[in-house]
Each structure stands twice: as C-alpha cells, then as structure tokens.
Amino acid sequence: MLESILSLFNLDFLYAAVRMAIPIILAATGEVFLQRSGIFNIGIEAMMIFGAFFGVLGAALTGNSWLGVLFAMLAGSLTGLAFGFVVITVQGDQTITGTAFSIIGLGLTSFLVRVIWGIRKLPVMVTPIERWPVPVLSEIPYLGRIFFDQSPLAYIAYVLLILATIVMFKTTWGLKVRAVGENPKSAASIGINVIRVRYLCAIFSGSVAGIGGAILSLSELNMFVDNMSGGRGYLAMASVILGRWHPLGAALGGLVFGAGNALQMRLQAIGVPIPNNLLLILPYVLALLIMVSVYSRSGAPAALGVPYEKETTIE
Amino acid sequence: MSTAVRMEEIVKRYPGVMANDHITLEIEEGEIHALLGENGAGKTTLMNILFGLIQKDSGQIYLRNTPVTINSPSDAIANGIGMVHQHFMLTPVFTVTENIMLVDRSPREPFLDHEGVKRRILDIVQSSGLHVDPDAKVSSLCVGDQQRVEIIKVLFRGAKVLILDEPTSVLTPKETDELFVVLRRLAKQGHAIIFITHKLREVMEISDRVTVLRGGKVIGTVLTKETSPDALAKMMVGREVFLTFEKTPVHRGQKMLEVIDVVTRAGQACTGLKGVSLDVSAGEILGIAGVDGNGQRELVEAIMGLQPIESGDIRIKGKSTRGCSTRKIIDMGVSNIPFQRQTEGLILTFSVSESLLLKEWRKPPFTRNGLFDKKVIQNTSKNLIKEYDIRTTGPDAKVGNMSGGNQQKVILARELSRNPDILIACHPTHGLDIGATEYVRQQLLNERDRGGAILLISTELDEILAISDRIAVFFEGQVMGVIDAANADLNAIGLMMMGIRLAEIKKNNSTGEKG
Ligand SMILES: Nc1ncnc2c1ncn2[C@@H]1O[C@H](COP(=O)(O)OP(=O)(O)OP(=O)(O)O)[C@@H](O)[C@H]1O
Ligand SMILES: [Mg+2]
C-alpha cells in the first residue's frame, strides 16, 4: 500500500496539481489586488460560479467556447462591480456581503440552469477548450510536461500572474493600490481617488475569478454542474493570506491546494481504505491547518476590511 | 510683493455652528502668515477648504488674483497648494521615497522611477535643509523626521503655498528650531507659508503677519513686529489672559503614588523602564520632563496596569497594584489624561455625553438597576459642557466632529470631574489654545490644592516649570534626577534631558567652582 501511495508522486501528479491549481491561482491573483486595496472579499466563490455558468451559457449561445470565456469574464466583472457597490458605496459589512454573494451565486446559477435548459438528465454540453502543448516549451524535460502541456487558459493565468506582479510592485498603479489599502485617508489627501481604485480592483478581481470559473466548466469539463466551484473561492482567499498578499506567494498557496486536490483524487483512485467523502475534504483540511499554523495579520494591508468614508474631516 | 492667495468672504456652516463666517484672508508671496485662534475658531476648517478637503458654502478663492475653483486636494495640488496636516498622512510600511513617489506622475509612467525620485528628493533636501534618508521606512522615523517627509512631499509637487496645521505641537524644542530655519529659507525662496499654532512665542518668532480668528470670524490681521503676545492673546480670547500663576506653597500630605525600582520590558520601539523610582504625595504636582520616548509612556502604562512590570512595585495609597486590572486601578481613584486623545482618550464615534461618562457609566446615579438614567446623564453632561467650556452643539454631538482642542476638553472634564486622588496628566494642554491652556493649568493647580496627587508628563518645559512642585527628568527609561521646581536650574534640566545624572552635574559644578 505504502509503495503504491509513494508511486503516486510522479510527473502526472505534478501535472495534475498545476492543472487543479490554475483556477485557484487566477482567482487569488485578483483577490491579491482587491485585498491590497483594502477590501476583503469572501464572495470570490460567487465570481467563480458565475464565471463557470456564464462561460457555458456563452459557449452554448455562440457555439464558440472562447466567446464563452469572454462571457465568464464579463459576468465576473459585473459581480465584482455589484460587490463593489455594496461594500464601497453603500459601505456594507464586507464579510456579510461576501458570504451573501457566495450563497446567492450558488443558488442563482443552479436556478438559472433549470430555467434556461429545463430539468434534464444530462447537462448541456459544449465544445471544451482542449489542452494545447506550447511548441518548444512543452519539450523541456519535466517542466514542459508539468507547466506547458496544459489548457491555453493556464497560459493566460501565467501571463496574468507575471503581469500582476509587475503591476503591483513596479508601477505607479500598484503603488496606488497598496497605498489605498494601507491608509486610504492619506492616499485621498494626495489626490488618489480611493473609491475608483477600489472599484477597479473589484472589477479586475471579478473578471479573473470569472476566467477561473470558466476553466472548470469549459476546460476541465465541458458543462456546468451545480456548485462546481466547490469552495475554490475560499481556497483562493486562503492562498492570498498564505502568500502574504504577494501574487507569486498566492500562486504558491494555490499550488499547495491544487496538490492537495490532486492527491485526494489519486488516493481515491487507488482505493485507499478511507471513505471518499473524507478524502474530498483534504484540501480544505489542509487550508484550515495552514491557516491555523501560519495565520497572522503581519503583512496584511492595514486598512483591510475597513470601509472608506469620504466626508470625514481631517484635523 | 504680490498676493499669492486671497480667500474672500468664505462661509462654512455645520449643523449648529458657523465654522467660517465670511472670512477674508490674504497671503503674500514670500510671507510666513500665522493663523491664530481659540480651539474651534475655524482655522482647520478654513485651511481644509483652501486645500479642497471640504467644500465651502459660499465665497471665492483667488490665486495670484485669478479666481479658482478647488473641489478636491488634486485641484489644490494642481494649483500649487500643499498642506501638512495636524495628523500625518503617511503610509508607515512604505519607504520615504515610496510615500513621495505617490504624489506625482512618474516620468517613466506607468513604471515607477525609484532612482529619479530619490535624486529629486535629495535635491529638495539640499535646497531646503530638510534632512531625511529617502530609503528609510516611515515607520522607523521619529515624529520630527516624519514631518520633514510631509513637507518634502508638498515641495515635491512644486507647491508655492504651504499650509502647516499646528506643525510644532508634535515637535521637541530643538526640532521646532530646525523647522523654523527651513521655513525661513522657503519663504526667502518665494513660498507663501500659512502657519497655524497656539504658541504665541512661535508666532512672534517666525511670522511676518498674524490673522486672528474667533468664533469663525476674522478679528484682525496685524504685522508681527507691531504687536505683542499680550495684545494677540487679548484679540484671540477677547479678554486678558494670564500665563503665569500665583502658586500657593505646597502642602504635602500622605504619599499617594509610589513607583519603586520598576523595570519593564524594552521593545523595538520603546526603551522600557530600567529601574525607575519616584513618588507623588497628596497636594503636589510632580512634573516629568524629558524628550518624548524616554520611558514616559511605559511609566504611565505600568501605573495604569496596561503593561506588565518585570520587577519592582507600584503602590497606590500604600497598596501594591500587582495583579490589579486597569479597571480596579481606575476605581482606586486614579485618573489618566492619555497621550493620544483620538486613539486612547476617546472613541471618536461616541457622542459627547457618552464620552464624558466613559468611566462612570456603571455606577449610580448614571445606571440604576442595570439601566441608564438618561435624564441624569443628559444633565450631568450639560453641566460638564458648561463648566469646562466645551464648544459643541450639545451632549449628542459626535466627538469625532469636534475640533482638536475641544476633544481634549472632553477628556479633561471626564477625568477631573471624578475628583481623583491621583491624576496622571500626559500632555494635558496638547493642542489647546492659550485661554484653554491657562484654564487647564489652573484646574490642575486647583486639583493639587484640593489635595490631589498629580503626575504631569509633558515635553514642554514651560508647562512643567509653570505648575510643578518637583521635576523628575527621564532619559532612556531612567530618572536622571529630581529637583525642586522653585528656582530650578534650566541648564541642569537640559543636561539631564541629554542623559547626564544630577549627581554628576553637581560634582562638576563644585569642582568647576573650586578650579
Ligand atoms: N465635520 C464636522 N461636523 C460638525 N462640526 C464640525 C465639523 N468639523 C468642524 N466642526 C466645527 O467647526 C468649528 C471649527 O472647527 P475647526 O476644526 O476649524 O477649529 P480649529 O480652529 O482648527 O480648532 P483647534 O485649534 O481646536 O484645532 C468647531 O466648532 C467644530 O466643532
Ligand atoms: Mg485645528
């Protein structure tokens, strides 16, 4: 038994770990920006599930899965915009709003599926976005198989991750986002539009989480299944904290959870004598353990979770 | 010289108050213009309007004789107006360069230009004399350095008009002198500088002209060299003010507070106490002098039970406070005016009456059978507001909306009205106008004459000298010496503040005399 478990950790396992990490990494990349701007978004789950659903809807309507991805992005952005409206403009509590969004997202998509396609045995299928090995790069021993033999959406995730890191630390834009999350009052005092920065981060975060959701329904599968985001939004949030609010750190966190998921599936497949349901929660238990052991606010943006009130006087 | 700024007939109303009542103000280029006025006179409001942080109800602003509209700080900045706020506007986790970089477009937009910005900062450091290290993290800088960063920030954007709201209230005397050198240099380079302060001595020293506000109105603008502190005080308050006190001789009673060889843990940002011993008796004021950050905060926190002590003992009326909670210590008759009014002294979203009763609400007559007695609370608050001359629209006003000086008065009213046996007063007149300062110092003296024991902590030597009976000087968590305040030797205090022990000073003096 032990030998067969050890034999699981091969190239295929690493490949699967990356594949499963990609949606989490995408969502986490957006969340890093949103949290750095001072907004705590528990509602990523909603952005992902909307992405997954509208991705399929778009693909079904247009017959083109790539247009589906565009639909997913738009749906995610609109969710981000709506979330932004509640927590930025109305200044609703971020935790409660995020939780509400998650619940609504899961419920609403399940509802829409039935309204649009009726109740049926098999869900509507679309053409999946196929895996596409990158020429040359996929030939690199080991790394090629692990990173460059994936879905094209994964490559988008890599590019976004690198861009996000550059924007965050090398551009005036990133500096503004960080300033707004650290001390919105002082940011405002030097003429930064706090509200606008936060809205843009919310929209960006929504759109990339939307793509993350679309990977699940257009690349991993080729259909929408109820609750298919399966808590990945929460894992993305855990990755952000684990990664100390750094895009690359968050990606590493995403990889840990992807690996947990891949391991869990493999253990099921070889039939370890543990009930499947217990194995399924492995990534989440992992998240919990990591959070308990490494969580600290150090490195967290100082104004994280605090609504910004514009009309306060500064003495 | 030409006019840099003209604010004409500016009006700003808040519910129940005319914060600015048809104010007209003119600032020349190359001038240092002091803005003087009691707490709540409307100085900050007027400057916030000029800087676009709040909107005026009516009036017009002219820059170099052209009318301008300023709806936001960005408009103000674009028009060459910069402001250094009373509470700093810096991001602690950023470096100096990062903080400054934020205020202007990068030449390599959208990319940051660390090197270029650093070079420009060093240029400004050169020409203005504002010395800071561009690579230092702001959180590691002392208050004076942070203020220099704020001024550089303003100059970096090419501001020609500088607004400084009570810049010296956080500075040590030496830092203040350094700031004045910089301000004079900037004025000479043609900047117009608006300087808010409550300290008449500073007004006389640094300004060219003074405008005095009272109750939202301009009382007058005068040339500094044609006026005197007494005349200014009279304009400000509307009556004569006395800044020296008739002190009755001290009648020491029982020892109320004893601090015995107390040691607290030193941290990154604090020195900790390294064996501090002192005592305060009923009927006396013990002043603690020393540069900020030499253990004063640790002392207060140790007494109030907010910080554990590693060894030694603290006794209140002879009883050790080991293991006592802060509430217990408060109930033993200890009152505390904390260092930071906004974060430690008040909850800014609370109303005036809630803030006034923050320490007594549990007890009758305010609470009966577990319920608040609203009527008693309202009446008590109204009386305190009247007694302590708190300028507010009423007991239900939010303390967060009050002017800084009035926030301080709320704390004072709360702490003094409990008739404490021991009062720990940290910077009690911080941000208060001279009328209120006089009032507070008189209150502290009355408290002493009533038999209270007072520990007065202040970085302002004037204040310590004015009302203390004895003076202890702190340096790096230790007491350098305790001297009588009557005919205190200023030179000796200065030396002790720099870390020389009283015993050594005495020894040197006597050998000096012999030699
Ligand atoms: N946001 C606000 N809401 C209601 N009233 C306000 C607000 N801001 C200021 N005020 C009131 O306007 C008046 C002027 O306040 P301001 O802060 O300009 O005084 P100040 O001259 O700066 O006083 P200080 O010397 O104490 O700082 C005060 O009565 C204050 O209570
Ligand atoms: Mg003020």
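In this predicted model, a polar side-chain atom of B:T44 lies 2.6 Å from an oxygen atom of ligand 1, a polar contact in the sense used here (N or O atoms within 3.5 Å; within protein, one must be able to donate a hydrogen and the other to accept it, and residues adjacent in sequence count only if both atoms are side-chain atoms). Backbone atoms take part as well: a polar one of B:G40 is 2.8 Å from a ligand oxygen, and a backbone N or O atom of B:G42 lies 2.9 Å from an oxygen of ligand 1. On its own, ligand 1 has 640 Å² of accessible area, of which the protein covers 90% (Shrake-Rupley method, 1.4 Å probe).

Ligand 1 lies between chains A and B. Its shell holds 19 residues, with B:N39, B:G40, B:K43, B:T44 and B:T45 the closest (a heavy atom within 4 Å). Helix 1 of chain B gives the most to this shell, 3 residues (helices are DSSP runs of H or I, at least four residues, numbered from the N terminus).

Turning to the protein partners, 21 residues of chain A are in contact with 33 of chain B (heavy atoms within 4.5 Å). The two chains bury about 2300 Å² between them, 61% of it on carbon and sulfur atoms (accessible area lost on being put together, 1.4 Å probe, summed over both).

Residues are numbered from 1 along each chain as written, with chains lettered from A and ligands numbered from 1 in written order. Local features need pLDDT of at least 70 and side-chain atom pairs 80 or more, while totals for chains, interfaces and linings use all residues; side-chain values use heavy atoms, without hydrogens and water.

Conventions. Helix = DSSP H or I, 4+ residues; strand = E, 2+ residues; numbered from the N terminus.
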